[in-house]
Every structure is written in structure tokens, then in C-alpha cells.
Amino acid sequence: MIKSILIFNNHGKPRLIRFYQYFPEDMQQQIIRETFHLVSKRDDNVCNFLEGGSLIGGSDYKLIYRHYATLYFVFCVDSSESELGILDLIQVFVETLDKCFENVCELDLIFHMDKVHYILQEVVMGGMVLETNMNDIVAQVELQNRMEKSEGGLSAAPARAISAVKNMNLPEMPRNINIGDINIKVQSLSPF
Amino acid sequence: MRGLAVFISDIRNCKSKEAEVKRINKELANIRSKFKGDKALDGYSKKKYVCKLLFIFLLGHDIDFGHMEAVNLLSSNKYTEKQIGYLFISVLVNSNSDLISLINNGIKNDLASRNPTFMNLALHCIANVGSREMAEAFASQIPSILVAGDTMDSVKQSAALCLLRLNRTSPDLVPMGEWTARVVHLLNDQHLGVVTAATSLITTLAQKSPEDFRTSISLAVARLSRIVTSASIDLQDYTYYFVAAPWLSVKLLRLLQCYPPPEDAALRSRLTECLETILNKAQEPPKSKKVQHSNAKNAVLFEAIALIIHHDSEPTLLVRACNQLGQFLQHRETNLRYLALESMCTLASSEFSHEAVKTHIDTVINALKTERDVSVRQRAVDLLYAMCDRSNSKQIVAEMLSYLENADYSIREEIVLKVAILAEKYAVDYTWYVDTILNLIRIAGDHVSEEVWYRVIQIVINQDDVQGYAAKTVFEALQTPACHENLLKVGGYILGEFGNLIAGDPRSSPLVQFNLLHSKFHLCSVPTRALLLSAYIKFINLFPEVKPTIQDVLRSDSQLRNADVELQQRAIEYLRLSCIASTDILATVLEEMPPFPERESSILAKLKKKKGPGKVPDMDEARWNVNGNTEHSENTEPTNKSSPPSLVADLLPTNRPRPASYSPTILSAGNMAPSHPFTDLLNMNSSPAAGASLLVDVLFVCKNNGVIFENQLLQIGLKSEYRQNLGRIYVFYGNKTSSQFLSFSSSVTSSDTLKTHILPLLRLLLTDLSLNVHTMPVDPTVEGGAQLQQILNIECLSDFSDTPVLNVQFRYGGTLQNIAVKLPVMLNKFFQPTEMTSEDFFQRWKQLGVPQQEVQTIFKAQHPMDTDVTNAKILGFGVALLSGVDPNPANFVGAGVIHTKNTQVGCLLRLEPNPQAEMYRLTLRTSRESVSQRLCDLLSEQF
């Protein structure tokens, strides 16, 4: 199983961290630092596997990583996973990101952290490989995007009538309308 | 979400860490006030703030609020809000949060919603958090979602993995039931994603209860065969860079590794065909130059090889696998070289391929020298260690030693351990061993742990023939101006014990030896100096001529008033001892160390600890012992070499290896040994079972009567009988001399492991010596030429693997004699033979088909392969020999039941001789793993 997934850049700045086994927050940061330290000093043409750092546990674990441009993708896995399989999985994940963001770069990961999480969730679930078929993953992500758009469109709709009509079938109509209302206000105020 | 983007930009523009912290604190305050504020927040704002908190968390700041808001988002009707709520929870909520019940409520609603997207979110959350409360709440519900006919494929996938996760975290809560059979059928599902998830699930479940999932073998083979043989276009989306469903293939091959090779011949040949096809494909030209293509293809290939190694039954496949790995060893792709070395390590332990692996030794050594990647070099070290045997040990040890000079610091200690183990294990003459270890200390002194230098001392002490050589060698090694402190420790100890062996040479006269040691004294740490002081007092005994010099040293202020209390105390006591004790007393007190008891090498234990269980290649530990060929010598001879009185114990430096059986009394005025942490490390607190030869173990497995010990004084013979879980041993002690043995007593103890493991299991009821049944005489005597009989009653409470030790103590001619002999009480003594028909036998054989229940070993014949002798040995082992059961009449088949107090363990065994290769294959199946292993160990020593 996959114990954790870490993405950080060439300077060790974390861009996504996902632990499938509980570690206290300070441990998590320590693990990131240690992993960065282990991975970053390796040449690009050495192998992609190394024995897990002491923090993340034991000899049964390996770090499997790939380095793309400015980012390191590191998976910490136990011996029940195939090393090459995980390498390919990282590739699938990155290719999927590339499809979803159109030429993905580090900035996409920074500003759309939530989205990256959602894409990852379609690939890995609770530390286990969920889906490896890129078309399936992309289709799921697109479905999410469509739902997001339709909900966003709903809340942003200028005419209350339309939303009212659309909401007619929903059981909790009044609250929904309220939400729509405030949403509009908040957006126009843009407090930040 | 513009606010989020602005915030992130702000953070990125911060020039310093302080500015960043300030900005974050401001934002946290803002969010906190928004959450606390009177105004109800709408879903969008909540979503935005939760996103910000996630970002702040990523930067390494603790988030201690916002959980409640995230939980509220779960009940939103909007997908995006729900989604971020779940995300926050799975990233930030740990499994023992108080919010779990609220979260569970949200999950429950979503699971019941029949909306596949919501159900997926809920299942993801359960899998990600995986807490016990969640398992309690949902473990019973998820199987029904998984096998329901109308569940969407994507939900099935999530449900399978969710169940797998819960099974990992709280296996007791996941009920097995009629769904298990239906899960197996998911292997036939149309949707390959569902099949992949189901395969992962079944693999985990099958490891725990193989019987329930046995039907998955045929389905998995069928599925695999379809994938492997299909033209890759058939699988559409699941073809990855021209490789058909690589992940699924890997998973299926993993699943098959839970089971032995299929019994059904057709199925077996279909699987073999698959494996052959995979091996063939490796030879085809690649369909793409992309690394992804070769990765995917080789992922399947390596897994197939792993399965071949696991089955360990098809020599042709094994040899092909080995050749394939051999190709990879020289591949330009570093990853493949790494994996090839790793796989070969497991292959090296199979008898079929061990020789084939050995042919690659030059490539592996070359890898060790030329690889640029430390991970790969480490694998090369592992493989050299695994492929080492008597034929190539010198070469391998030499290569590892030369590599050690430049090795990365991170792996030096491990290499040191490995070299030390190999050097000991394959030492033909101990001079080579001593040289190797001294080299180790010279090259990598800092990485030589205590275990290693303790071990060399133990071996030198136990091997008479190497002592002179060792003294000479350490003396020479100490000449180098900058020798390592560890060398000084070994040198001090060995010269203190055996310096007299080289004192005849004027170049190493006592004074020269002493001056050499003392010239380094002041540069060492306190423990080493303490050890050297003990060496000095030993010198006083060995060489009376240097006594004044040493007394001067001890008397100097730097010793007598040393700030370190241990050193000071030693100096004072040793000085005093040297002044007041007569030569005789001195000689007794400072007697040469008696041999150390046999035990598992502490180095091996250390390596195991370092590498974790299962990582040390099978090194045949059963035969591991220090003095494989020593007799019960030194301390039983009627000379004054008998066991020294107690002061020795106190005279030893605190961290010096010693048998701790001598209770410290006489010199205890200074409680010199505060505690001996190191002795524990070395398992020193065991009885001095020095004489307990391993031979007893081997010879008495298949026989019950005979002489187990004999020296000039005493003969110990046995007659034993066993019925079910009870046994009775008559022990005969024969006095071979013409004078009395005084204070004769005996006791049965166990080695240190026995204390913890066996004693509760094997109850030894000692009756009194039969001469005087009722009152055990305080000071019984055995007249010259007389025989004494003792009865031991034994009850086997549970299965065990260690051997009890019989300790005998008596006075002869004024000296105390200690003898320790292993009592041949092994698990197989409690066998009751069982006759059965061929049909019964195979039916039971199949019933015991779980991998853990079977233990198999392949070994070289140690004795001529004679059928009658083998028959007799198997009968002596305690099982019934079944004829006409095995289709091959040359094979031996046996059956029996082990009786212990609590249970009975049925046991089937099969021994297949191969006269051409002079090898045997021994297979044992019992219902208990530990029993299979123990019996296999015992019996395999016999042929």
C-alpha cells in the first residue's frame, strides 16, 4: 500500500502532501524535509527507488520517485506494490494533471491545490491504487468540473427567478436560495 | 475563488519567513473571526476558507480550528462544498478525533443517497481516514454495496478498496460472509477497473484466510491468460503504452503468490504457459522507445519472476528467470539493474537456481565497483551476501572488504556485519577469520559495532588452535601508530588472555606487549581504559616479571585518583589484589576465560534487527554456532582449569563479554559492576552450556537411548520413553574415576531463550536422584566406579523449539566441575505414528494447503543415500512410514500426530530423494506453522 504521497519542488517547498497513515503535523513536516534531503541530492540518472527514510518507517518501505522539471513526485510504498508499477502510476498521475490543466506547471499545483487533490483521489484512494486508466480518470474529473460549473452558474445567476425555478425540485429550497443570495454579495465585495 | 488566489499570491510575494508567518497569522485570525462571527457563512465562503486552511496546513502550520465547518460542509447539497469538506477531513482529521461521530453521520447520509458521486466521496473518506469508529459503523454495510447488482462500476471500485482498507486497519470488524464468494466473481467483471480493485482486495483477504478464496486461483489464471495472450487492442483504455493492462496483470500475479502452484494439471499448464509468454515477450523488440513502455512491460515481468520464485517448482522457469535477470544486470536502465539485483537475492535461496545465480558473481562484483547509485550498490552487497557459499566466500569477502574502503557511510555498518557473518560462517580455518575481522576494524573501525568485536573474542576463546595466531596478529596490528580503538579493545583482551603464547619471542616479550598497550592507554575512552586495566592485572598473573612495572602504573596518581570512579576503583582493587594475593590465588582468580556458551550469533541478530524480519536471506541459522567442533573440554578437565571462582566476574571490565554464571561475591566490597547492559546484549546471562554440543541435537533426534556425554571423569547416558505428551528419561551418571565425586547435584535449565519461551511450555519435573528418593542429600557423593540414576519426567505443554540443558556439578579432587549437556528432548519425541491409506493421506495433504502450514526445504545429502537407513530414521523420528502412498516408490511419506498437553498437531511429511544430484526435498505440512518449521529443521539435519 502507499503510505504517503509527497510533491515538492526543487527547493523542498511542499506542493501537495497526502498521508494515508496518520502522522502528527510536525512529523509530517519532518518527513517532507527528510525525504527532500534524501531525494534531492540524487543525480537524475540514478535509479528511482531508495530505501525509505528512517521516519517513514522500516525496511519494508521504499521511496519511489520521479523528477519532472521543477517538481519531485515521491510515493512511499510498502513491498506489496510493484516498484515499476508505481513509477508508471506517477506517470499516469502527471499525464492526467497535464490533460486537466493543459500543460501543467508548478503554478497550477499551487493555485489549484484542491483540484490536484481531487485528481489524485481518482487515482489513489486510502493508499490503494484506484484507477489507472487515464481516460476514466479524466472523464471523472470532467464530470466534477461540469458539476462545479453548474453549481457555480446557479449561485451566480443574476435572475433569482431562474434559480428559484431550478431549485423547485430540491427539498430544502429556502436555504438554497439564501445561499445564492449571499454568494452574490460576497463575490461582489471580494474582501481579499 | 479569487480570495484564495490573492492570499496565495500574497504568501508567494513574502520576502522573508517572518513576513510569511505574519501574513498567515493575519489570515488565520480573519478566518477564525469569520467562523465565529454571528453571520452565518454561506457554502461558498466556507469552501474558500477551508481551502485557505488547507493551503496554510501545507505550508507546515498547525490548524486547530475549522473542523466543525468542514463537517458542516458534508451535509451541503452542493457537490463542490461536500467535496472540499471531505477533502479537509481526510487531510486534517486524524482517526481519533471527537468529530468522528458527526462525520460518520454525513457519510451515512451520502452512502444512502444512491447518488454515485456522493457515495464515492463517502467511500473515499472512509478509506482515507480508516478509523476504528468508521469501521464499526460501516464495515457491515460496504460488502453489500460491493456485491449489489445495481451498483455502478466506479462505486464498486471504491467499495472494494474501502473494504480492503478497513480490513487492514481493523480486520476483526470486517465480517466474512456469503459476500466473499461473490467478491471472487468480480474477477470476471467486464470493467477492468473493478477487476483491479477486487484483485487487490482478494489478495489481502486470501493472505488471511486462503481457504475461502481458493476459487480465485482459477479465475485469476483465466483472466491473466486472456490479458497476456490477447492482442493489446482488445483492452482499449487499459492498454498502457502498448502493454495490456499492466497493473491488473501485476495484481493477478500477486494474488497467485498467495497460493502454492495449482494442483489441477490443466490450470497449472495454463499458468505456466502465461509465465512463459511473459518471459518470451521480454525478448521481443520493444513496441515503443518510451521508458513507460519498458516500465510497464517489465513490471509484469518482474512480478511473473516473483511468482516463479514463489512456486519454486519448475526448474526450467527458474533458470529462465535467472537468465532474464542476468540480462537485466547489465541493462542500461538503472532501475532494471536495481530490481534485477533485488529479485536475484530471493532467487539465490532456491536450490534450483542457486548455482545459476552464482554464475553472475563477476557482474555483481563489477556493479559493486562501478555503479554510481548507492541504492544499486546496496542491492549488490545484498546479493553477494545471499549468493555466498563455501565455494566463493573468500572472493566475496575480499571484494566486500575492498568495497568497504570507499563505501558510503550510510551502508558501512551493514557491510561490516555482513562481512563478519560470512567470515565466520564460511571460515575453513580460523586464521582467515581473525585476519578478516582485524581488517574490518582497520578499514572501518568506527562502524564495527560491539557485537562484532565481542564475537571475534568469543571465537578466539572457544577455538584453542587460533589463540596463538590471534595473539600474534593483534600484536602486529597494534604496532601501527594510529590503530583504531576497537582494535585496541580486541588486542587488550586477547593479549591479556593469550599474550603468554607469543611471549617467547623477544620481539613480543611481556614488557614489549605491555608497553605497546600502555602507549595507547591515554588516548582511549574510559571503557577501553577499564578493559586495559583488566588486561594489565591478567599480565601480572601471566608474567610475574612485569608485576613491578604494572604495579607502578596502577599506583600512579592518574589511576589511583582518576576522576572516573570505575577506573579508580579498578586501579585500587587490582593493585591491592596484586599485592596481597599469593601466586596460587592470583592464578585462580585470573584464570583464562572459559569457553562461551553456544548461541545464535549476536551479529546475526543485529543484522536482523537492522534489516527487519524477513530481509536477511535464509542463512541456515540452525547450524550457526561458535564452536561447532569443540569438545566439552576445558572446564571439565581435572586440572586447575576448572571453573574459576567468583572473583573473575568482578574483575572483568563492565562491558567485557563474559559468562555471567559466576556470582560475584568475594570482591564485592566495591560493587564494581553497577549493571551490565552489554552482557544482556550478548545474552550472557545464561548457564555455561559450553559443553552442550550440537551433536546431541542431531544424533538424538531419531533415537532415544545412548551416551550423551563422556570425558575422563564422567559418563552420562540416557534411556528415554515417550507416550503421547509425556516422557520419562532415565539419566545414568557413571563415575569413571577411582575416587569420590562430592557435592554431586544436577539440574535442568534452559538456555536464555528457553527461560522465556519454553519453560512454561515444557514442564520438567525433576525427581530426586533415585538412590535416595525422599531426601535429596545435601552433600551426596558418588563413589569411584559407581553409577547414579536419576529420573526426569517431562510433559510437553505446547510446541517448542529449544532444547533444555542438563547441568551437572560436583567436586572432584578439590575442584568444582561444571558440565552442561543438551538434553535430547525435541518436539518430535512427542509423535504418535498414524497409519493411513493413500486416499486419506492426500485428502489431508490437501486440507493443509495453506502456504503457512507447509514448510519445504531442499538440501544436500550429508550421508550416503541408503533407503533402509532413511526408513529407519523416519521411523525413529516418530512418524508412521506409509508405503504405497506416493506414486513414486523412491519417495518416503510419513504421518503422525504431535501430542502436547493442550492440542494435538497432525503432521504429514514427504521426503523426495534425488540420487543424481545427491539432494533431498523435504516437505512438511502440519496445522501449525511453528510445528512445521521445527520438525522440518530437525529432520533435515538427519540425512
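**Interface between chain B and chain A**

Between chain B and chain A, 6 salt bridges are counted in this predicted model. One salt bridge joins Arg42(A) to Asp373(B), with 2.8 Å between the closest N and O atoms. Polar contacts across the interface of chain B and chain A comprise 26 residue pairs, with both residues at pLDDT 80 or more. On the side of chain B that touches chain A, helix H3 of chain B (residues 43-58) supplies the largest share, 12 residues. By residue class, the side of chain B that touches chain A consists of 36 nonpolar, 27 polar and 22 charged residues.

The extent of the interface can be described by residues and by area. Chain B contributes 85 residues to the contact, and chain A contributes 72 residues. The size of an interface is often expressed as the accessible area lost when the parts come together. For chain B and chain A, the buried area is about 6900 Å². Carbon and sulfur atoms give 53% of the area buried between the two chains.

Chain B was also examined as a whole. Chain B contains 943 residues, of which 58% count as buried. Its secondary structure includes 41 helices and 16 strands. Where contacts in chain B link residues at least 6 apart in sequence, 70% of them join residues at least 24 apart. The accessible surface of chain B amounts to about 38100 Å², and carbon and sulfur atoms account for 51% of that surface.

Notes
Residues numbered from 1 in each chain as written. Chains lettered and ligands numbered in written order. Predicted model: local features only at pLDDT ≥ 70, side-chain atom pairs only at ≥ 80, totals over all residues. Heavy atoms only, no water. Contact = heavy atoms within 4.5 Å. Buried area = accessible area lost by both parts, 1.4 Å probe. Salt bridge = Lys/Arg side-chain N within 4 Å of Asp/Glu carboxyl O. Polar contact = N/O pair within 3.5 Å; in protein donor to acceptor, adjacent residues only side chain to side chain. Helix = DSSP H or I, 4+ residues; strand = E, 2+ residues; numbered from the N terminus. Nonpolar A, V, L, I, M, F, W, Y, C, P; charged D, E, K, R; others polar. Buried < 20%, exposed > 50% of the residue type's maximum accessible area, 1.4 Å probe, protein only. Areas by Shrake-Rupley, 256 points an atom, 1.4 Å probe, with all protein chains shown as cover.
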